[in-house]
Amino acid sequence: MNFEKEYENSKVKSIKGRYIKNDDIFPFLEKTIFKNKVKEIGKSVLGASIKMITLGQGNTKILMWSQMHGNESTTTKAVLDFIQFLEKSPNESSPILNNCTLNIIPILNPDGAKAYTRVNANEIDLNRDAQDRSQPESKILRKVYDDFKPDFCFNLHDQRTIFNVGETDKPATVSFLAPAFNKERSISSSRKKSMQLIVGMNRMLQKFIPGQVGRYDDGFNGNCVGDAFQMLKTPTILFESGHYPEDYDREKTREYIFYAILTAMNVIAYDDIDTFNINEYEEIPENGKQFLDVIVTNANVVDAKYKEGESLGLLYKEVLSNNKVIFKPNVVEKGKLESFYAHKIYNCLNSNDLNKIKNNVDLWQCIFV
C-alpha cells in the first residue's frame, strides 16, 4: 500500500491545527456517505453532544475513542482522515469494512475540547475514572463497551514534547503501549495481541520515522481506561501522538497516526496478527523525558542576571486565545543542561540566533524582560 498517496487522498483538509471541537467535526460527519451511521450516544457534563459512528459489517469488532483528554486532538484528526479513507478508497478499504465492525467516538470529552483542557467540565481526568465512572462521559464509554463487546480497543491520545526515544536525541513522534492488567505486568492472551499489533505498526512506522517510535511506561493503574479494559480481557492499544520537528500543530504526526491506524486495521482485517512476535515489542525503546522545547545558551551576554556558561531550558505552555492555541514559553531549567535535548537551540553569541530571539516577542520577554 502507498501510505503517502492514501493519506493525501484521505486527509480532511478543512480540519487542522490543535484546537478541534464538536463544531469542527460535526459538519464532516454530516456530509460523509456514512452519515446515517452517526448517532448521539449521550451528553457531556455541560450538555454537549457525544457522537459515535459505526462502520463495517464484519465479525471482528473494534472500538476507538479520541479526545478523552480535551486538549489532545491529533488522533481526532487522524481518525477523521481514516473515516474518509474508508469512503474514498473502496478497493483498499473493503477488506476492513467486510471483516470488521468499528465503533468510533471522535470526541469523548467535548467540554474539555471546547475549553482546551485535559479534564472535563467537572475537572475530572476521564482516564483516571475507569473504576468509579463518576462522570457522564465515563459512563457513556463504558456503556458502549459493554453493549458492543469489542474484540480490540484503540485508546487515542497526545503526549507532551518532552519525550525522547530511549536515551537518544530522537523525539518520540509516536508512542504505543500495551497496557498492563495487573501489577506484575503479566502477558495475558489479550495483552499479547496488543503487543503484536504494536509490533506491526512499529515495523511500518520505522520506514517513515526511523528511531522516532517509543514505548510508553506500562506501570499498572486500574483506574486508567486502557488498563481497565485489558483487565476485562480486551486487547487494548494506547496511541500517543508526540512531536515531529517544527510541527507544533502536529500535522505530520497526524499523518503517521493515520498510517498506524490503517496498518492496525489491515492486520486485524486480514487476520495477520500472529505473524508478529512480541519480542519486537520489548525491543521498542521506552520513552525518556529529556527534551525541552528551547535551550538558550550564553544568555549572560545579553543580561547580567544570568551566570556565565549558564543555559536556560524552556517549555511551551499551550494557551487558548481567540479560538487558537498559542505556545507561551516558560523557563523551567537553568544550568549546564547537559542531560537535556532541545527541539530548538539558540546561542546568544550567534547574531543570527540572537535576532531570532528578538523577533520572537514572547521568547524575548520571557528571558530578558
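Predicted model: local features only at pLDDT ≥ 70, side-chain atom pairs only at ≥ 80, totals over all residues.
**Pockets, a helix and some loops: a group meeting talk**

Where is Gln135 in the chain? Gln135 sits in the loop between helix H5, residues 110-115, and helix H6, residues 136-148. And which residues does Gln135 touch? Leaving aside residues up to four places away in sequence, Gln135 touches Val45, Asn120, Asn122, Ile124, Leu126 and Asp129.

Now follow the chain into H6. This helix has 13 residues, and from its first C-alpha to its last it reaches 18 Å, close to the 18 Å expected at 1.5 Å a residue. Which residues of H6 are buried? They are Glu137, Ser138, Ile140, Leu141, Arg142, Val144, Tyr145 and Phe148. As you look at that list, here is a handy rule: an α-helix has 3.6 residues a turn, so residues three or four places apart point the same way. After H6 comes Lys149, whose phi is positive, near 50°.

Let's stay with phi for a moment. Lys233 is not a glycine, yet its phi is positive, about 70°. Find Lys233 in the loop between helix H8 and strand S9. Is Lys233 buried or exposed? With 70% relative accessibility, Lys233 counts as exposed, because the cut-off for exposed is over 50%.

Asp271 is another residue other than glycine with a positive phi, in this case near 55°.

On to the pockets. The largest pocket has a volume of about 960 Å³. How many residues line the largest pocket? It is lined by 41 residues, and Arg118, Asp158, Gln159, Arg160 and Tyr216 are the ones that lie nearest its centre. Several elements each supply at least two residues of that lining: strand S5 (152-158), helix H8 (225-231), strand S9 (236-241), strand S12 (311-321) and strand S13 (324-335). Which one gives the most? That is S12, with four residues. If you sort the lining of the largest pocket by type, you get 14 nonpolar, 12 polar and 15 charged residues.

The second largest pocket has a volume of about 250 Å³. Its lining is made of 15 residues, with Glu246, Tyr248, Tyr316, His343 and Lys344 nearest its centre. Strand S11 (291-297) and strand S14 (341-347) each supply at least two of the lining residues. By type, the lining of the second largest pocket divides into seven nonpolar, three polar and five charged residues.

Let me finish with Glu246, one of the residues nearest the centre of that second largest pocket. Glu246 lies in the loop between S9 and helix H9, residues 251-269. Glu246 is exposed, with a relative accessible area of 62%. Which side chain makes a polar contact with the side chain of Glu246? That would be the side chain of Lys344, at 2.8 Å, and Lys344 is also among the residues nearest the centre of the second largest pocket. For a sense of scale, Glu246 and Gln196 are 50 residues apart in sequence and 31 Å apart in space, C-alpha to C-alpha.

Notes
Residues numbered from 1 in each chain as written. Heavy atoms only, no water. 1 Å grid on protein atoms, 1.4 Å probe; cavity = no way out; pocket = protein on both sides within 12 Å on 5 of 7 lines; lining within 4 Å. Points joined across faces, edges and corners; volume = space filled by probe spheres on them. Nonpolar A, V, L, I, M, F, W, Y, C, P; charged D, E, K, R; others polar. Contact = heavy atoms within 4.5 Å. Buried < 20%, exposed > 50% of the residue type's maximum accessible area, 1.4 Å probe, protein only. Polar contact = N/O pair within 3.5 Å; in protein donor to acceptor, adjacent residues only side chain to side chain. Expected span 1.5 Å × (residues − 1).
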